[in-house]
Amino acid sequence: MEDQEIIELYWKRSEKAISATEEKYGGYCYAIAYRILQNDEDAQECVNDAYFSAWRAIPPGRPEKLQAFLGKLVRNTSLNRRKESHAQKRGEGQIPLALSELEECIPAVTRVEEYGESAELTNAIERFLYAQTQPKRNIFIRRYWYLSPIRELAKEYGMSQSKIKSLLFRMRKELKTHLEKEDFLL
Amino acid sequence: MKKEDLLNAIGNIQDDLILSAIDDSKESRPKRIRRGLMVTLAAALVLTLTVGVGAASGIFRGLEDPFAPAFRNDGSAPPLDRELVEKLGHPVGVSATDQGVTVTVDSVLRDRYTCTVVTSIAMPGIEKQEIDYEAMEMSGALDGFSSGGGYTTNFTPGDDTLQIIRVWESEEPFPEGEATMTIDTLVFNRYRFLREKKVEGKWELKFDISYEDLSTELPAGQVLSVEGIETTLDEITISPLSMMVKHTAEPGEADLEQVIETEPYERTLKNHLEELACVITKKDGTQFFCPGTFEEKETHMQSVHGDSKQQGEKLKCWYVLRFDQMLPLDEIQSITIEGVEIPLA
């Protein structure tokens with residue numbers, strides 16, 4: 001079923017919207033949730049929560065990219081769940097690793113509180129990503145948006161794990177420089 | 001700013017960026033995999049092995065068809081050189097059917113260090129599936145060769161057939177003779193994550209992998225300097241399909257420890273040693289690059305696979321470059337490795 005047809009089902013308040021969403025994007029959403037939560041039951045619950053959020057958001061919303069819309073919902077839901085649940089224990093899943101890596105990107109001097117979770121920071125990251133070649137950009141997104149394990153990226157991109165790590169290491173350094181520069185310019 | 005802020009901010013990037021990363025990962029790209037993850041079934045299920053009549057009768061879907069998937073399919077590569085194809089490969093046409101799924105080995109194309117097998121899997125509704133090609137195992141003549149890669153393509157949507165291109169690469173020359181490819185359980189996973197769907201069965205396909213070795217060895221023994229470390233070229237072998245470079249680095253005791261033991265993030269020197277900068281220059285000026293970085297827009301490489309192992313205070317390194325098209329050796333002017341140009345006689 002095409003995305004627009006699924007969205008129409010939401011607009012008609014047809015419960016088939018959920019089953020159609022599950023059929024088409026269930027695996028995608030579950031994978032995102034599972035990577036964050038490392039628990040089948042929690043992941044499934046977050047996927048269901050995300051469907052419910054979509055149900056409440058459409059209408060009035062009409063997402064242009066349903067897959068990305070759902071992905072963001074389930075990612076946010078899962079991150080919030082992780083904060084609240086026992087899954088926050090150290091060493092579980094990709095989150096601690098990704099966070100540890102991202103720590104390297106934080107500028108030494110920054111307008112900390114002004115940035116917060118603001119759109120400015122997202123915009124700055126987007127500018128950084130668009131300045132990268134497509135493979136590098138996608139590897140970065142696969143790692144820090146989808147939280148894909150290094151091993152999986154190495155397999156999919158035909159590179160050694162150490163090479164993926166090196167590439168991400170360089171990109172984090174570049175992002176740090178980029179953020180420092182943006183901070184200076186803003 | 002906290003690291004969580006960054007993670008959250010990344011979470012809100014534009015939809016196109018998010019989707020592009022997924023689309024890219026599903027492209028028909030060569031991928032390196034490690035063997036040893038084969039799914040093994042406790043109980044062998046019924047296997048129907050049918051040796052296709054195609055090979056005997058010479059009935060194929062056209063000479064180029066079985067081989068074309070072995071190379072990139074974006075339309076920019078030149079047509080396959082039929083003379084080279086006939087020397088380096090065979091159409092195969094061997095099929096096995098189990099659980100309503102038919103697996104066919106369409107072709108094999110190989111040289112001294114690489115072996116590419118084009119396989120078709122026919123099953124109703126297979127079109128949008130992704131197959132876990134790690135579950136495909138080769139044995140027989142290829143038994144013991146542990147590296148390689150694979151990728152999935154589907155050139156004819158709607159025909160319920162998916163093609164898997166499985167590549168084996170090795171530090172040692174592949175033997176000739178009969179190979180057996182065994183698939184124990186097909187694993188489908190559209191997003192390569194979880195929620196797998198499996199068709200439990202067994203498909204075993206035997207086929208000949210003999211070929212004419214068109215490889216040429218270039219003069220070796222050159223001493224190169226890689227980030228201050230001396231390394232000696234031991235072997236440079238090139239064929240129309242790939243190039244193998246073997247070399248021995250002698251970093252000295254202190255540097256060797258640094259190369260091998262340093263934290264993964266810092267192992268750029270080891271990466272460099274495992275994939276020396278290399279340019280193949282054709283007589284018409286076209287250049288093929290070893291994609292040490294992504295900066296080159298067109299490398300003409302399908303894959304690069306490098307590895308190394310310590311021998312005393314030395315580091316034995318090798319890497320194999322697979323071209324994205326056939327490269328007739330008489331069209332090559334020279335090969336330049338780490339700035340040292342080696343003409344092709």
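Which hand does the crossing of α3(A) and α4(A) have, left or right? The crossing is right-handed, where right-handed means that the near helix is turned clockwise from the far one by less than a right angle, and left-handed that it is turned anticlockwise. Helices here are DSSP runs of H or I with at least four residues, and strands are runs of E with at least two, both numbered from the N terminus.

Colleagues, a word on conventions. This is a predicted model, in which local features need pLDDT of at least 70 and side-chain atom pairs count only at pLDDT 80 or more, while totals for chains, interfaces and linings use all residues. Residues are numbered from 1 along each chain as its sequence is written, chains are lettered from A and ligands numbered from 1 in the order in which they are written, and side-chain values use heavy atoms, with hydrogens and water left out.

I turn to confidence. The predictor assigns the complex an ipTM of 0.83 and a pTM of 0.58. For each residue, its confidence is the pLDDT, on a scale from 0 to 100. Chain A has an average pLDDT of 82, and 87% of its residues score at least 70. The pLDDT is below 50 over residues 112–117 of chain A, a stretch with 13 contacts in the model beyond near neighbours in sequence; contact means heavy atoms within 4.5 Å.

Chain B has an average of 73, with 67% of its residues scoring at least 70. In chain B, pLDDT stays under 50 over residues 26–64, for which the model has 108 contacts beyond four places in sequence. It also stays under 50 over residues 190–195 of chain B, with 29 such contacts beyond four places in sequence.

Back to the helix pair of the opening question. Helix α3 (residues 40–57) of chain A packs against α4(A) at an angle of about 130 degrees, and their axes are 9 Å apart. Axes are lines fitted to C-alpha atoms, for helices over the stretch in contact, and angles run from 0 to 180 degrees between N-to-C directions. That angle makes α3(A) oblique to α4(A); under 35 degrees counts as roughly parallel, over 145 as roughly antiparallel, 65 to 115 as roughly perpendicular and the rest as oblique. The residues in contact include Ala50(A) and Ala54(A) of α3(A), and Leu70(A) and Leu73(A) of α4(A). By class, this contact has 9 nonpolar, 3 polar and 4 charged residues. Nonpolar covers Ala, Val, Leu, Ile, Met, Phe, Trp, Tyr, Cys and Pro, charged covers Asp, Glu, Lys and Arg, and the others, Gly among them, count as polar.

The loop between α3 and α4 of chain A holds Pro59(A) and also Pro60(A). A cis peptide bond joins Ile58(A) to Pro59(A), with omega about -20 degrees. Another cis peptide bond joins Pro59(A) to Pro60(A), with omega about 10 degrees.

Next, the contacts between chains. Helix α4 (residues 66–84) of chain A packs with helix α1 (residues 3–11) of chain B at about 160 degrees, with axes 10 Å apart. The two are therefore roughly antiparallel, and α4(A) passes α1(B) in a left-handed crossing. Lys72(A), Arg75(A) and Leu79(A) of α4(A) meet Leu7(B), Asn8(B), Ile10(B) and Gly11(B) of α1(B).

Helix α7 (residues 119–130) of chain A also meets α1(B): their axes come within 8 Å and cross at roughly 70 degrees. These helices are therefore roughly perpendicular to each other. Leu121(A), Thr122(A) and Ile125(A) contact Asp5(B), Leu6(B), Ala9(B) and Ile10(B), a set with 5 nonpolar, 1 polar and 1 charged residues.

Finally, chain B contains an open sheet of 4 strands in the order β16-β15-β19-β20, with antiparallel pairing; two strands pair if DSSP finds at least two bridges between them. At the edges stand β16 (287–289) and β20 (340–343), each with a single partner strand, so one side of each is left without a neighbour in the sheet. The twist averages 20 degrees from one strand to the next. Strand β19 (residues 332–337) is joined to β20(B) by 4 bridges. Across this pair, Ile337(B) stands opposite Val340(B), and Ile335(B) opposite Ile342(B). Their hairpin has 2 residues between the strands, and Glu338(B) there takes a positive phi near 50 degrees.

Notes
pLDDT is the predictor's confidence in each residue, from 0 to 100.
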